Amino acid sequence: MNILVALAAVAGLFVVGMLGGVLGLGWIFGVIIPSLALLLFVGGMVAKVMGWSKSAVPFRIPTSCGQQKSLNWIPHSRLENPHTPLQAAGRMVLEVLFFRSLLRNTRAELVDGRRLVYRTDHLLWLAGMLMHWSFLVIVIRHFRLMMNPVPGFVSFIEATDGFLEIGLPVVFITTLTFLLGVSILLYRRLTDPQVRYISLIGDYFPLFLLLGIGLSGVWMRHLDKVDIAGIKELMVGLFHFSPVVPDGISPVFYGHLFLVSMLLAYFPFSKLTHMAGVFLSPTRNMANNNRAVRHVNPWDYPVKVHTYEEYEDELREKMVGAGIPVDKPLEKE
Amino acid sequence: MSDKGKIFFGLAIFVILVTFPFWGRLSAGDALPDRAELEYPADEEACVEDTPFMRASHMDLLNQWRDELVRDGNLEEYVSELDGRTYPRSLTKTCLSCHEDRDAFCTRCHDYADVQPTCWECHTTPGGGV
């Protein structure tokens, strides 16, 4: 059910975008909606992170994946259990760029129908790497349609990505790896019973959305080609604050652009915010130096205390009278 | 302990990166036109096929011609679906006979869209142009 709803939602959105193109609503679907979506994406992400930044972080959360810094003769696991901010930064870099935590992913399986076995499962890591890195390259490649003149690094990435020179226009390597990555992630969600059991619409929707964006892009580049110069005019106009809507742009493009707009608008309000959240993972971004550095609770305020000495001073006579032992004897008069 | 400073620094980097296409405009100035202005042949009414098709799919047509002529040895002329006129399947004899100055046509649009076709690694321009 979740799967069908998510699939229908993405298909519906694509059809809506295409209809916008067919009906000649280029201004709405080519200018207004993408602008609002971009605004919502940037504004929403900033608001989200600002909200997170208000949470106090009273103490370090040590994650004991490796040996903590201890005596000199005990090897310290610097990346697993960082002691300094630099080491914590190292752990963060590996986490953000190479998804190191995913290498710990395990899969439970019944062997021979009765023995429960936990296995390392690197497929999630591999598909994640394929999808995320390809997506980054694809986004950078698209700058060629948004910027005039095109920056050198964009052309370089494009030329490198298409260096196999297969087909005309050339097939980019990241086109294939992106679709492969998303497909593996979707396949895993559909076929692994445990994962499928906990999957919601919000898990399937982004996957179908990415797949839809990727496939509509392939469609425009390799199957039913579109007027690239006209599309670039539209996009450049958008980014130069002087929007124009050239005639003759294929409805498929409007479908593609509408899906991208939906992705941007959906980003800050969904699980996709992990793009920002990964940087604020409390178990990853803090050095485990609780034993070396004193961390004062930022919420500490002066508490009114009544120490035992004061208590005894106040009640010493009564305590002595009742035979209760006291630290300081009654002064003899 | 508060990490607000670091978080705001990171957010600033995020905003700058995401709005990157907007910043290109500032560095480029107004020197470049927002669209590719092409010079069309003065004495021809239409291209081999209709304009929308040529704009989007000229590379398909060229590839098809290449396959038919070079690989299949089909020496007959190409019959246009537009008006039934026939054309030699040739980049140099057909395309470049009208679009004489490829810098004012092919290159201008390819540069605009940042496309790097490999046509000219083998083909030459009549008249020995660049």
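**Figure 1. Chain A as a whole.** Chain A of this predicted model has 12 helices and two strands. From the N terminus on, its elements run α-α-α-β-β-α-α-α-α-α-α-α-α-α. Along the principal axes, the C-alpha atoms of chain A fill a box of roughly 110 × 55 × 45 Å. The radius of gyration of chain A is 29 Å, while a compact globule of 333 residues would have one near 20 Å. Of those 333 residues, 28% count as buried. Taking contacts in chain A between residues at least 6 apart in sequence, 65% join residues at least 24 apart.

**Figure 2. The largest nonpolar core.** This core has 50 residues. Those with the most contacts inside it are A:L209, A:V226, A:I231, A:F253, A:F258, A:L259 and A:L263. The elements of chain A that give two or more residues to the core are α1 (2-22), α2 (26-53), α4 (123-141), α6 (173-191), α8 (201-223), α9 (228-239) and α10 (251-266). The largest share, 10 residues, comes from α10(A). Apart from this core lies another, of five residues, including A:V137, A:F143, A:M147 and A:I157. In soluble globular proteins, nonpolar side chains tend to be buried together.

**Figure 3. The surroundings of A:F258.** A:F258 is among the residues with the most contacts inside the largest nonpolar core. Which residues is A:F258 in contact with, leaving aside its neighbours within four places in sequence? They are A:L13, A:V16, A:G17, A:G20, A:F29 and A:I33.

**Figure 4. The strand pair of chain A.** Strand β1 (residues 106-111) and strand β2 of chain A run antiparallel and are joined by six bridges. One of the residues involved is A:A108, whose bridge partner in β2(A) is A:Y118. The hairpin of β1(A) and β2(A) has three residues between the strands, and in this hairpin A:D112 takes a positive phi near 60°. Strand β2(A), residues 115-120, is hardly covered: of its six residues, the count that are buried is zero.

Figure 5. Chain B has five helices and two strands. Its elements, read from the N terminus on, follow the order α-α-α-β-β-α-α. Of the 130 residues of chain B, 10% count as buried. Among contacts in chain B between residues at least 6 apart in sequence, 55% join residues at least 24 apart. Helix α3(B) bends by about 80° at B:S57. Just after α3(B), B:G73 takes a positive phi of about 65°.

**Figure 6. The contact between chains A and B.** How many residues of chain B are in contact with chain A? There are 31 of them, and they touch 35 residues of chain A. On the chain B side, the elements that give two or more residues are α1 (4-18), α2 (20-28), α3 (51-71) and α5 (106-112).

Key: Residues numbered from 1 in each chain as written. Chains lettered and ligands numbered in written order. Predicted model: local features only at pLDDT ≥ 70, side-chain atom pairs only at ≥ 80, totals over all residues. Core = buried A, V, L, I, M, F, W, Y, C linked by C-beta atoms within 7 Å. Buried ≥ 20, exposed ≤ 12 C-beta atoms within 10 Å, placed from the backbone. Helix = DSSP H or I, 4+ residues; strand = E, 2+ residues; numbered from the N terminus. Contact = placed C-beta atoms within 7 Å. Pairing = 2+ DSSP bridges. Bend = angle between axes of the 7 residues up to and from the residue. Rg over C-alpha atoms; globule rule 2.2 N^0.38 Å.
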